[in-house]
Amino acid sequence: MTARGIVRCDPVSHSYQIGFRTLDIAQQVWSSSNLSAISAGELRRLRDITGETTYLAVPEGDGVLSIGRFQGPHSRRSSAELGSIKPMHCTSQGKALLAFLPERQRAKFMAQPLDRRTEKTITEHSALEAELSAIRNRGYAVDDEEIVLGTRCVGAPILGSDGTAIAAISIAGPTFRVTIERVKFLAKEVAEAARIIGAQVNPETRKRPRGADFQPVSKQAAFIGGAPQWDAKRNSLFWIDHLAPALFESDQNGTQLVQEFDNRIDALALTRGFGPFVFTGHTALRLRDSARFDLPEPVIAAATMRSNDEILVMFRHGENGVQLRRMLPTGKLSEKAIVTGPASGFCISSDEGTAFIASRTSGTVTRLDLATEKSRVLSRIPQAAGSPVSCAVDMQGRVWVALAHGWSLARLDEIGEIAERVPVPTPNPTGLCFGGETGTDLYVTTERYGLDRNDLTNAPLSGHTLRLAD
């Protein structure tokens, strides 16, 4: 049993204790439902962005059972034991579960006396009912030193397909770090993480397959893939490798190298009448006839106006700004430029009247009216979700963003909230587009540049161009 890690011998007392292998066995029991495995990424992410310990718990009798934990880096931190069962009424996880349990189960629990653990524990049933009502309205629960003095926790429920709680997650730490003022910021992140986990646990709530269903269309990984664009005329996908500069095309016959270049490729645009345009440094190359056009500044991104084959080009402008200018297929640039803030990529709406601009620097997606040149911030992406590096518009006119360091893509709703999230099996998606016969297949470019061996072991598809069939 010692050799297998079931028990371990204390070298001082020469007594035997439970071995660490038992934790692995216990974890396997709970991971059979995929809950632990699915939650691990979000719990680790919450731990990393907050610096506090994160937990996963499930209901067990009249209490909550801790089945997952990622400890924060601080020497003074929450360190509740795995496998421990705590009361529901005085923990953030327990109250989050209790608020969303079926009414019959909640009524059965409320018929019992409420033990006092600290001077702040809620022991009056009416006060707890009011607290649970508030939790249902705001979507998260707070344990304000109710089970351990000096420790404050923020929890949120993981909901099943019927809207009842199946588990809960939380962030916990000492009150001098997890202040009342900080709680509202932590709560937003915890609630969003719980929603993401719930969407993956419940097949009925997933609007798209998981990231594991992405399939590579590229033969080999790019250093920094980018600018995926679907050519409906050729029924094929084009994309580039920025760093090992080359243009690729993928169709039903496989993937081919179209052309290699001497200098880094900054952007790509496809026109119907003149073929691909590649932007490198201060030059635009029209590949069909090898024509070259001088540019005033390096290009960040480009997109073609389908109605007239004009190319909307995004140039660098100053230290942090960009400008948008129209370019004819003949290489002539418009004199008028639209100047806006920092940006890393953009896309054009279906009616070509609006540009959506993603900014990795500011974490925003901006809506720009191309006629009036008026802009407003559509969405501020939380840092915990990743950084928006590029965007695309689907067949329904909905905006999607690629989230660097977020392992995912996100669809925004009309007010800029994340309405849907699609996991990607690599940390850094760089670009996305929609294509295929029906225009609903999702293509994503990724990068492997800057990733270490451990990163590549966990994300072997990094650098590949991926396809998710609808």
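**A first look around**

Modeller: Let's begin with Lys219, which sits in the loop between strand E9 (215-216) and strand E10 (225-231). Strands (E, at least two residues) and helices (H or I, at least four) are DSSP runs, numbered from the N terminus.

Biologist: Before we go on, what kind of model is this?
Modeller: This is a predicted model, where local features need pLDDT of at least 70, side-chain atom pairs count only at pLDDT 80 or more, and totals for chains, interfaces and linings use all residues. Residues are numbered from 1 along each chain as its sequence is written, and side-chain values use heavy atoms, with hydrogens and water left out.

Biologist: Thanks. Is Lys219 buried or exposed?
Modeller: Lys219 counts as exposed because its relative accessibility is 70%. Buried means under 20% relative accessible area, exposed means over 50%, and partly exposed is in between, using a 1.4 Å probe and protein chains only.

Biologist: And what is Lys219 in contact with, leaving aside neighbours within four places in sequence?
Modeller: Thr255 and His464. Contact means heavy atoms within 4.5 Å. Thr255 is 36 residues from Lys219 in sequence, and their C-alpha atoms are 6.7 Å apart in space.

Biologist: Let's zoom out. How many helices and strands are there in the protein chain?
Modeller: The chain has seven helices and 32 strands. Its C-alpha atoms fill a box of roughly 80 × 55 × 40 Å along the principal axes.

Biologist: What percentage of the residues count as buried?
Modeller: Of the 470 residues in the protein chain, 54%. As for contacts with a separation of 6 or more, 45% of them are between residues 24 or more positions apart.

Biologist: What about the accessible surface of the protein chain?
Modeller: That comes to about 22,600 Å², and 49% of it belongs to carbon and sulfur atoms. The areas come from the Shrake-Rupley method with a 1.4 Å probe, and for residues only the protein chains shown count as cover.

Biologist: Back to contacts across the sequence. Where is Gly226 found?
Modeller: Gly226 is in strand E10. It counts as buried because its relative accessibility is 2%.

Biologist: Which residues does Gly226 touch, not counting those up to four places away in sequence?
Modeller: Trp239, Ile240, His242, Thr430 and Thr445. Thr430 is 204 residues away from Gly226 in sequence, yet the two are 5.7 Å apart in space, C-alpha to C-alpha.

Biologist: Tell me about Thr430, then. Where is it found?
Modeller: Thr430 lies in strand E30 (residues 429-435). At 17% relative accessibility, Thr430 counts as buried. Beyond residues up to four places away in sequence, Thr430 touches Gly225, Gly226, Val389, Ser390, Ala402, Thr445, Thr446 and Glu447.

Biologist: Changing topic, what about the backbone of His405?
Modeller: His405 has a positive phi of about 60° although it is not a glycine. Most residues other than glycine have a negative phi. His405 lies in the loop between strand E27 (399-404) and strand E28 (408-412), and it counts as exposed because its relative accessible area is 54%.

Biologist: What is the phi of Trp407?
Modeller: Trp407 has a positive phi of about 55°, and it is not a glycine either. Trp407 lies in the loop between E27 and E28. With 38% relative accessibility, Trp407 counts as partly exposed.

Biologist: And where is Ile415 found?
Modeller: Ile415 is in the loop between E28 and strand E29 (418-423). Ile415 is exposed, with a relative accessible area of 65%. Leu378 is 37 residues from Ile415 in sequence and 6.6 Å from it in space, C-alpha to C-alpha.

Biologist: One more loop, please. Where is Pro296?
Modeller: Pro296 is in the loop between strand E17 (291-294) and strand E18 (299-304). At 40% relative accessibility, Pro296 counts as partly exposed. Leaving aside neighbours within four places in sequence, Pro296 is in contact with His282, Phe315, Arg325 and Leu333. Leu333 is 37 residues from Pro296 in sequence, with 9.7 Å between their C-alpha atoms.
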